[in-house]
Amino acid sequence: MQIQSSFSLKNFNTFGIDQTAEAFVSVETETALKEVLSLKEYPCKFILGGGSNLLLTRSIEGLTIHVNTKGIRVITETEETVTIEAMAGENWHEFVQWSIEQGYGGMENLSLIPGNVGTASIQNIGAYGVELKDIFVSCSAIAMHDLHEKDFNLKEATFGYRSSIFKTSVKGKYVITRLRVCLTKSNHKLNTAYGAIKEALEDLEETPKNIAAAVVSIRQSKLPDPKEIGNSGSFFKNPVVSLSHYKELQKQHSTIPSYPINKEQVKIPAGWLIDSLGFKGYRKGDAGVHKKQALVLVNYGSATGKEILALAQTIQHRVKEDFDISLEAEVNII
Ligand code: EPU
């Protein structure tokens with residue numbers, strides 16, 4: 001375990017922003033994690049997972065701790081289901097692929113989501129009709145202030161749309177160390193309601209493996225690969241508005257899409273709002289809006305976090321002006 005000073009985080013955030021950590025350490029065991037968490041000389045500590053939901057607009061003071069613990073194991077199983085535990089530092093997509101190779105169902109729609117297992121719970125990752133909460137059993141965490149260990153079950157995790165207790169009441173207070181999910185071995189509950197999945201499957205049988213491959217091909221066709229173009233997936237959350245507000249908007253924009261939330265509210269795709277303002281493919285310097293998905297902001301090379309943030313604010317301003325909707329960032333802005 002080696003603490004490095006003035007460490008560039010460029011390769012540790014999927015936006016590829018070149019900011020530095022005052023001090024940086026990567027830990028491969030929970031014992032090492034506890035050791036560094038207890039270091040008194042760094043009162044300020046920042047936990048870094050896959051860096052896939054992060055926009056760095058400044059350098060990070062204190063100690064940045066990169067959680068790099070690995071391991072996947074079966075903890076219980078029945079004829080039909082299996083409970084798996086994965087360590088926080090496992091790459092999310094590799095975890096999904098592992099489960100697919102074992103023939104397990106439940107995570108196929110969550111293929112190719114960037115990031116790590118530990119941070120998946122924080123924002124209740126979701127795609128194509130499935131969210132982490134649908135397979136979540138519990139996660140273990142270590143408290144930053146006194147290192148006590150705590151498990152959070154499904155109820156305690158209080159998941160919402162791209163949200164959890166780790167983004168709200170205990171924000172910044174715990175480091176998630178392990179995740180447990182319940183998957184199916186047979187009688188899979190497959191979710192192919194999302195139109196694009198059916199199209200991509202064509203005549204193939206609906207199996208976890210085929211659905212995972214369909215999701216990978218859909219994502220690859222629409223979303224930029226962070227290894228090629230820096231990005232953090234959806235930059236904004238899809239906003240929820242009142243039905244009356246939506247009906248007002250419909251008068252001027254007859255094609256505006258929506259998904260029902262309840263009798264009084266609908267969710268509107270932020271990508272549509274941004275696209276309709278003409279931002280898709282927009283570029284200023286190296287900061288831009290992806291050509292194929294207006295909800296994704298991109299770094300073409302050497303954009304700074306502040307430049308990406310300025311672009312996000314311009315978009316928020318225009319969306320507010322034209323639609324009277326406040327877009328909320330999904331990405332964690334530091
Ligand atoms: N749309 C446009 N123009 C665009 C983008 C989208 O008109 O540039 C319209 C589409 O035509 C469609 C609607 O907006 O009618 C929804 O688009 P899409 O199906 O691509 O999904 P999304 O709402 O933009 C959400 C998630 C994604 C997830 C997809 C698929 C959020 C913030 N984003 O995007 O999650 O992959 O659904 O389930 O909820 C992520 O969180 O990083 C992420 C990629």
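Which domains give residues to the shell around the ligand, and where does the ligand lie? I began with this question, keeping in mind that I was looking at a predicted model. I found that domain 2 (72–222) and domain 3 (230–333) both contribute residues to that shell, so the ligand lies between them.

Entry on the shell. I looked up the 22 residues around the ligand and noted that Y128, Y161, Y194, D275 and A294 come nearest. Sorting the shell by residue class gave me 10 nonpolar, 6 polar and 6 charged residues.

I read off a distance of 2.6 Å between a backbone N or O atom of Y128 and an oxygen atom of the ligand. For K222, an N or O atom in the side chain is 2.8 Å from an oxygen atom of the ligand, and for S234 I noted a polar backbone atom that is 2.8 Å from a ligand oxygen atom. I then checked the cover: the ligand taken alone exposes 820 Å², of which the protein buries 81%. The elements that give two or more residues to the shell are β8 (126–127), α6, β13 and α8 (270–276), and the largest share, 3 residues, comes from α8.

Entry on the second largest pocket. I recorded a volume of about 1,200 Å³ for this pocket, and of its 46 lining residues I listed T14, P114, D225, P226 and K227 as the closest to its centre. α2 (92–101), α6 (208–222) and β13 (230–234) each supply at least two lining residues, with α2 giving the most, 6 residues. By class, I noted 15 nonpolar, 23 polar and 8 charged residues in the lining of this pocket.

Note on methods. Residues numbered from 1 in each chain as written. Predicted model: local features only at pLDDT ≥ 70, side-chain atom pairs only at ≥ 80, totals over all residues. Heavy atoms only, no water. 1 Å grid on protein atoms, 1.4 Å probe; cavity = no way out; pocket = protein on both sides within 12 Å on 5 of 7 lines; lining within 4 Å. Points joined across faces, edges and corners; volume = space filled by probe spheres on them. Helix = DSSP H or I, 4+ residues; strand = E, 2+ residues; numbered from the N terminus. Nonpolar A, V, L, I, M, F, W, Y, C, P; charged D, E, K, R; others polar. Near = heavy atom within 4 Å. Polar contact = N/O pair within 3.5 Å; in protein donor to acceptor, adjacent residues only side chain to side chain. Areas by Shrake-Rupley, 256 points an atom, 1.4 Å probe, with all protein chains shown as cover. Domains from an automatic or database assignment.
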